[in-house]
Amino acid sequence: MMFDRLIQAVFNEEVGHVPVQLEEIPSARVLYRSEGDVSALASTSHAWRLVRPERVAVSGKTAPGLADRYGGSGIGRNGGSGRNAVIGQVQIKGVGRTTLVSPETPASHASGGAYLEECIREAIFSGVVAHDFPYGAVPVHEIVDTGECQWWPAPIQPAQERRVLLVRPLFVRPAHFERALGFDLPRRQQAREDHDRVAAVLERSASILGADAFVALLDSFWPKWAHQLAYGFVHRLSHGNDTSSNISVDGRLLDFGAASALPSWANTASSYFHDPVATRFDCIAQAIRSTSYYIGRHLGWHLQRPADVEGKIERCAEAFRRALVFEVLRLAGLPDPMAFDVVTGPRRGAAVVAVRAAIEDAQRVRLDLLEPAPMECVDWPMAKLWEREPPDSLRLLRRFLQPLIGRALREDCRQTHARLSRTRPELFKPHLRQSIFQAIDRENDGRLGATASFVQAFVDGHVARSRREQAPAAADPMRVIPSFGGSAR
């Protein structure tokens with residue numbers, strides 16, 4: 001209920017978002033639906049695109065929408081949604097280029113479109129993360145074929161892609177409460193509008209929820225994000241773009257363009273830079289300081305005193321460290337209640353030492369997902385934890401675990417560990433992109449489209465094969481423990 005009220009506060013034209021005019025796409029087809037009920041001719045009420053300025057008149061149905069402004073460190077020089085529009089209770093990605101795209105954004109990221117391959121990946125990762133991760137993911141409701149193609153200039157490959165729409169429910173990013181400091185910075189008017197937008201969205205949120213309740217909602221969010229980060233590292237499913245614009249304030253992850261399964265705990269670069277676990281929490285600390293600054297500036301410094309902010313960061317960092325140990329113990333096969341008892345009881349210190357030794361040894365290896373090296377050949381020592389002679393790096397962890405489980409739980413632990421430690425080679429980013437393009441080629445003799453039955457089956461099949469948890473986190477209260485950020489969703 002509180003989250004719904006926050007959505008009401010944030011998505012309002014009065015707070016400074018950009019109004020847009022949308023037109024219906026009459027020939028659109030649903031290619032994927034999260035409920036799985038779809039046919040090649042399925043209708044949709046979510047087929048909208050921006051009215052193109054070069055048109056003299058618009059035929060067909062039109063409707064108003066919003067391109068929402070937001071900031072933070074993850075949007076480059078843009079000012080918010082460069083290709084998304086809010087209409088009703090959904091957000092549609094791929095409607096066309098909005099005025100929030102910076103002139104400095106490269107053409108390959110400024111077309112305003114969404115494309116079949118990337119949206120299939122988005123649906124797959126959101127389906128896996130929604131099931132496995134403690135706070136889930138923002139779901140993909142629909143992928144809609146627009147009937148149009150995008151032609152790319154050389155050297156971009158592939159040279160053409162099918163333009164589609166990706167439909168999601170509304171969500172609020174922490175970045176909605178931050179400035180877009182890089183957006184058209186020389187233009188003073190833009191800077192003033194962005195300043196006023198942050199002030200208005202904070203004041204409106206505080207008015208509707210109450211200032212203390214609004215701050216408390218954000219305070220409960222940070223440990224959730226910490227647990228999501230820890231889970232992704234331990235279970236080797238990297239979001240790849242951990243910023244305040246790629247997560248909802250209820251903890252659900254979104255925007256999986258840089259996401260990838262990983263072969264090990266190695267120090268891996270999924271895009272341009274390596275991402276060691278030692279600095280993984282820094283993105284959260286940065287976002288806490290940033291949002292706290294704007295809350296203090298516009299709602300009153302008494303709400304976000306500097307000493308309180310730093311204390312909040314340290315408590316959240318501790319939640320991250322605990323979540324790492326908790327998830328490693330779960331990965332080893334310990335039942336959730338037992339893992340919880342360890343990280344909150346007197347054996348925690350010994351568990352931290354054992355887990356740290358295993359992670360630090362793995363982090364000595366560096367991987368780059370942009371290189372063509374076969375990731376299937378990368379060693380994954382944790383898969384050998386319960387072998388007769390485990391790897392040297394896991395001996396300390398093995399010695400710690402053995403007295404806990406005894407003979408009664410040994411076989412259950414081995415089976416749980418075998419299930420959770422299986423690698424997901426289908427979700428290695430280079431492999432997945434290539435397999436999607438190849439499947440589209442086979443399906444339709446080129447990248448000009450695909451049938452709904454193909455897209456639905458491709459997404460559902462990959463999601464089913466890639467899940468590792470036996471039940472969704474929302475159905476298992478012990479998966480999300482109070483020390484790590486409250487109850488699930």
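**Helix packing and aromatic pairs**

Helices here are DSSP runs of H or I with at least four residues, and strands are runs of E with at least two, both numbered from the N terminus. The model is predicted, with local features requiring pLDDT of at least 70 and side-chain atom pairs counting only at pLDDT 80 or more, while totals for chains, interfaces and linings use all residues. Residues are numbered from 1 along each chain as its sequence is written, and side-chain values use heavy atoms, with hydrogens and water left out.

H4 and H5 (residues 282–299) pack at an angle of about 170°, and their axes are 11 Å apart. Axes are lines fitted to C-alpha atoms, for helices over the stretch in contact, and angles run from 0 to 180 degrees between N-to-C directions. In the contact (heavy atoms within 4.5 Å), H4 contributes residues including Phe 214, Leu 218, Trp 222 and Ala 226, which meet H5 residues including Cys 283, Ile 284, Ala 287 and Ile 288. By class, the contact of H4 with H5 has 13 nonpolar, one polar and no charged residues. Nonpolar covers Ala, Val, Leu, Ile, Met, Phe, Trp, Tyr, Cys and Pro; charged covers Asp, Glu, Lys and Arg; the others, Gly among them, are polar.

Ala 226 of H4 is buried, with a relative accessible area of 0%. Buried means under 20% relative accessible area, exposed over 50%, and partly exposed in between (1.4 Å probe, protein chains only). Not counting residues up to four places away in sequence, Ala 226 touches Ile 284, Cys 316 and Phe 320.

The structure holds twelve aromatic pairs. Rings of Phe, Tyr and Trp (its six-membered ring) pair if their centres lie within 6.5 Å; planes under 30 degrees apart count as stacked, over 60 as edge-to-face and the rest as tilted. The rings of Phe 125 and Phe 256 are stacked, because their planes are at 15°, with centres 6.3 Å apart. Phe 125 lies in helix H2 (residues 116–132) and Phe 256 in the loop between strands S10 (237–238) and S11 (260–261), so the pair ties together parts that are 131 residues apart in sequence. Phe 125 is buried at 1% relative accessibility, and Phe 256 is buried at 2%. The rings of Phe 133 and Tyr 231 form a tilted pair, with centres 4.7 Å apart and planes at 55°.
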